[in-house]
Amino acid sequence: MIRRSLALLLVVWAFGFAWFAVALPQPMTEARQTDAVIVPTGGAGRIPHGLEIVRSDEAQLMLVTGVDREVRPAEFAAEFEASMELMECCVTLGFEAVDTRGNATEAAQWVKDKQVRSLRLVTSDWHMRRAAGELRDVLPTNIRVIEDAVHTEPSLFTLFLEFNKFLASWISRAWPG
């Protein structure tokens with residue numbers, strides 16, 4: 001009985017992993033207006049895409065969450081070719097988060113402080129499910145979240161790690177305590 005249960009669990013995990021790897025979230029194809037953009041650090045293309053959204057007036061504000069404490073706004077602006085005017089009016093660097101759950105907590109406080117009603121979450125395709133789940137878990141239900149994945153070509157190892165993190169995150173949210 002135990003062997004069959006373990007075998008069934010392994011089959012379910014394998015099918016879940018196959019779904020996770022094959023059906024990655026996609027980038028948005030049409031323009032959508034939101035109050036703000038939330039961009040967790042950590043993957044190539046995330047920050048440039050977030051800045052592009054703000055520059056195109058599809059959002060007025062942007063939070064980059066999980067920024068290293070040593071980074072200064074002028075350094076950030078130079079790295080991502082953002083004007084200081086854009087940085088001052090529209091971009092907030094969040095220094096509190098060190099992981100995906102921390103990104104969600106930092107973003108939720110920023111959303112509350114800025115009175116944001118709708119936001120676009122920009123992160124890597126392989127990271128979107130976990131990041132969106134963590135964010136929705138801490139935001140009020142009246143906040144509209146639009147997912148805008150940055151296309152990547154993740155390795156099998158990256159997908160394996162992220163799928164297991166996604167499962168752990170989902171389980172911890174579904175059965176807290």
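Predicted model: local features only at pLDDT ≥ 70, side-chain atom pairs only at ≥ 80, totals over all residues.
The expected span of a helix is 1.5 Å times one less than its number of residues.

**Figure 1. Helix α5 from end to end.** Helix α5 has 15 residues, and the distance from its first C-alpha to its last is 21 Å, close to the 21 Å expected at 1.5 Å a residue. Which residues of α5 are buried? They are Thr100, Gly102, Asn103, Ala104, Glu106, Ala107, Ala108, Trp110 and Val111. These buried residues pack against β1, β2, β3, β4 and α6.

**Figure 2. Strand β1 and its two partners.** Let's look at β1 from both sides. With β2, it pairs in the parallel sense over five bridges, and Pro40 stands opposite Thr65 in β2. With β4, β1 also pairs in the parallel sense, over three bridges, and the bridge partner of Ala36 in β4 is Leu119. Is β1 mostly covered or mostly open? β1 is mostly covered, with five of its five residues buried. In a regular strand the side chains alternate between the two faces of the sheet. In β1, Ala36, Ile38 and Pro40 lie on one side, Val37 and Val39 lie on the other, and all are buried. Together with α2 and β2, β1 makes a right-handed β-α-β unit.

Figure 3. In soluble globular proteins, nonpolar side chains tend to be buried together. The largest nonpolar core in this model has 20 residues, and Val37, Met62, Val64 and Val91 have the most contacts inside it. Two or more residues each come from β1 (36-40), α2 (46-55), β2 (61-65), α3 (73-79), α4 (84-90) and β3 (91-94). The largest share, four residues, is given by α2. Zoom in on Val37: beyond residues up to four places away in sequence, Val37 touches Gly50, Ile53, Val54, Ala59, Leu61, Met62, Leu63, Arg120 and Val122. There is also a second, separate core of 19 residues, which includes Leu63, Leu135, Ile143 and Ala149.

**Figure 4. Strands β4 and β5, with α6 between them in the chain.** β4, helix α6 (residues 128-138) and β5 make a right-handed β-α-β unit. The parallel strands β4 and β5 are joined by seven bridges, and Thr123 stands opposite Ala149 in β5. Why is β5 described as largely enclosed by the rest of the structure? Because five of its seven residues are buried.

Figure 5. You will find His127 in the loop between β4 and α6. Is this residue buried or exposed? His127 has a relative accessible area of 4%, so it counts as buried, a label used for values under 20%. Apart from neighbours within four places in sequence, His127 is in contact with Pro40, Arg46, Thr100 and Glu162.

Technical notes: Residues numbered from 1 in each chain as written. Heavy atoms only, no water. Core = buried A, V, L, I, M, F, W, Y, C linked by side-chain atoms within 4.5 Å. Buried < 20%, exposed > 50% of the residue type's maximum accessible area, 1.4 Å probe, protein only. Contact = heavy atoms within 4.5 Å. Pairing = 2+ DSSP bridges. Right-handed = clockwise from strand over helix to strand, strands pointing away.
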